Amino acid sequence: MKRIALGLLLGAAVLYALATVLGHQHPGWHYLAAFAEAAMVGAVADWFAVVALFRHPLGLRIPHTAIIPTNKARIGRNLANFICNNFLGTPQVLAKVREFDAASRLAGWLANPRHAEQLAEHLSAAARYLLSTLDDERVRHFLRSTVLAKLEQLDVSALAGEMLALLTAERRHQALLDELLRQLAALLEDEGIQEKVAEIVASELRVLRVIGLDAVAGRIATRKLISALGTLTAEMGAEPDHPLRLRFDDFMAHSIERLREDPALRQRGRELQSEWLRHPALAQYLHGLWDQLLQWLQADLQRSESTLRARVAEGARTLGQRLQGDAAMREWINAQLMQAAPKWIERYREDIRAYIVARVDAWQTEELTTELERNIGRDLQFVRINGTLVGGLIGLLIHTLTVALGG
């Protein structure tokens, strides 16, 4: 394209020279000379304009030439601002996110059996690789030491006190007491248990064994025990302030206070904890448990009919199907995405802006100039070509008007 533009300029110069020499032979040569003269001016002017974008024409440091190299940093900033403001603005991106309908697409993708199998296969491959890297003595040692160190940091007594406090909040332990009494009553109502209780009672009644009343006394005592337990359960169920309930409350409160505040009890707990954690059997148990877990996982994932892989695929399909049938859940997912998106858009938009500025600034000036000229230079040569032709036509028009008005 450069050669074509240069050829037109040289052609205009040759035409001008020829028209000037032959101008006395016919008036038409003057029109051609005017056309060629203006074409040369247009060609040279547009050549200057095109070259001035990328470098100094003829090496002369004329002001406002080599525009791109001189303003590289500003171009980078403006390019970054243009992209971020017009393509990565929060409203524009949110509109695309809303149009995308991520929840429906996710549901449809997961519900497809082929996709679910692909997901399961990818996760299985990742798991196999991870397991192969974890099967190392250094990893085992690290995990053992880490787990034991974390366990040693636990304040078992305080933790037990907090758990008991949570379990007894709003008298939840009373429901546990009711359930224990009901289970005990149900247990004693079992005929087999009753027979065993009656036998135990009868074996203690050595005096009545002589006259053969030990078995009768055992059955009577058992029935009375069951009856008394039923009565006690009924009374405690009907009376929130039953003395036994209150005693149970006091016992739990005292236990929580001791676990939280009693230094001797807490010290004893720490000693037992330390002794237990330092026992060789625990390390061996953790080592064996880790090895067995790895072996089982590796063996299962290697099989073509892997249980884990099948479960993952089935879980993915089920999740997709459930999402497809639950419009409210899909709406919730999309709403959460729309709510979280602005923060991430604004964060990464600035990262993208900074990246563009830094990338343009890091370019070598010659590299940037060459890259831009390679991509848009062909079209810029058309500017030179059009300048030559349009300039020539304007020159011809001016000469024609001049002749007409002068005549």
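Guide: Let us begin with a definition: helices (H or I, at least four residues) and strands (E, at least two) are DSSP runs, and they are numbered from the N terminus. By that reading phenylalanine 48 is found in helix 2, which covers residues 28-54. Please keep in mind that this is a predicted model, in which local features need pLDDT of at least 70 and side-chain atom pairs count only at pLDDT 80 or more, whereas totals for chains, interfaces and linings use all residues. Residues are numbered from 1 along each chain as its sequence is written, and side-chain values use heavy atoms, with hydrogens and water left out.

Visitor: How many helices and strands does the protein have?

Guide: The protein has 19 helices and zero strands.

Visitor: Where does UniProt place the feature "transmembrane region"?

Guide: UniProt positions are given in the numbering used here, with feature names shortened, and annotations may be inferred rather than shown by experiment. The unreviewed UniProt entry places this feature at residues 29-54 and 382-405. In the model, residues 29-54 are 100% helix and 0% strand, with their end C-alpha atoms 38 Å apart. Residues 382-405 are likewise 100% helix and 0% strand, and there the end C-alpha atoms lie 34 Å apart.

Visitor: What share of the 407 residues is buried?

Guide: A residue is called buried under 20% relative accessible area, exposed over 50%, and partly exposed in between (1.4 Å probe, protein chains only). Buried residues make up 27% of the 407 residues in this protein. The accessible surface of the protein comes to about 27300 Å², of which 64% belongs to carbon and sulfur atoms.

Visitor: Which residues make up the largest nonpolar core?

Guide: A nonpolar core is a set of buried Ala, Val, Leu, Ile, Met, Phe, Trp, Tyr and Cys residues joined through side-chain atoms within 4.5 Å. The largest one here has eight residues in all, namely Val50, Phe54, Ile68, Ala80, Ile356, Val360, Leu368 and Leu380. Helix 2, helix 18 and helix 19 (365-406) are the elements that give two or more residues to this core. There is also a second, separate core of five residues, which includes Leu9, Ala12, Met40 and Ala43.

Visitor: What does isoleucine 356 touch?

Guide: Contact means heavy atoms within 4.5 Å. Leaving aside residues up to four places away in sequence, isoleucine 356 touches Gly76, Leu79, Ala80 and Ile83. Across the protein, residues 24 or more positions apart account for 70% of the contacts with a separation of 6 or more.

Visitor: Which residues form a nonpolar patch on the surface?

Guide: Patches are made of residues with over 30% relative accessible area and no salt bridge; like charges are joined within 9 Å, and nonpolar side chains (Val, Leu, Ile, Met, Phe, Trp, Tyr) within 5 Å. A salt bridge, in turn, is a side-chain nitrogen of Lys or Arg within 4 Å of a carboxyl oxygen of Asp or Glu. Here Phe48, Leu58, Leu60 and Ile62 form such a patch, with about 370 Å² of accessible area together. Phenylalanine 48 counts as partly exposed because its relative accessibility is 31%.

Visitor: How many salt bridges are counted by this rule?

Guide: The count comes to eight salt bridges. In one of them, glutamate 121 pairs with arginine 309, and the closest N and O atoms are 3.7 Å apart. This pair links distant parts of the chain, with glutamate 121 in helix 7 (residues 113-134) and arginine 309 in helix 17 (residues 307-324), 188 residues apart. Glutamate 121 is partly exposed, with a relative accessible area of 34%, whereas arginine 309 counts as buried at 10%.

Visitor: How far apart are arginine 353 and glutamate 350 in helix 18?

Guide: Both residues lie in helix 18 (residues 327-362), three residues apart, about one turn of the helix.

Notes: Areas by Shrake-Rupley, 256 points an atom, 1.4 Å probe, with all protein chains shown as cover.
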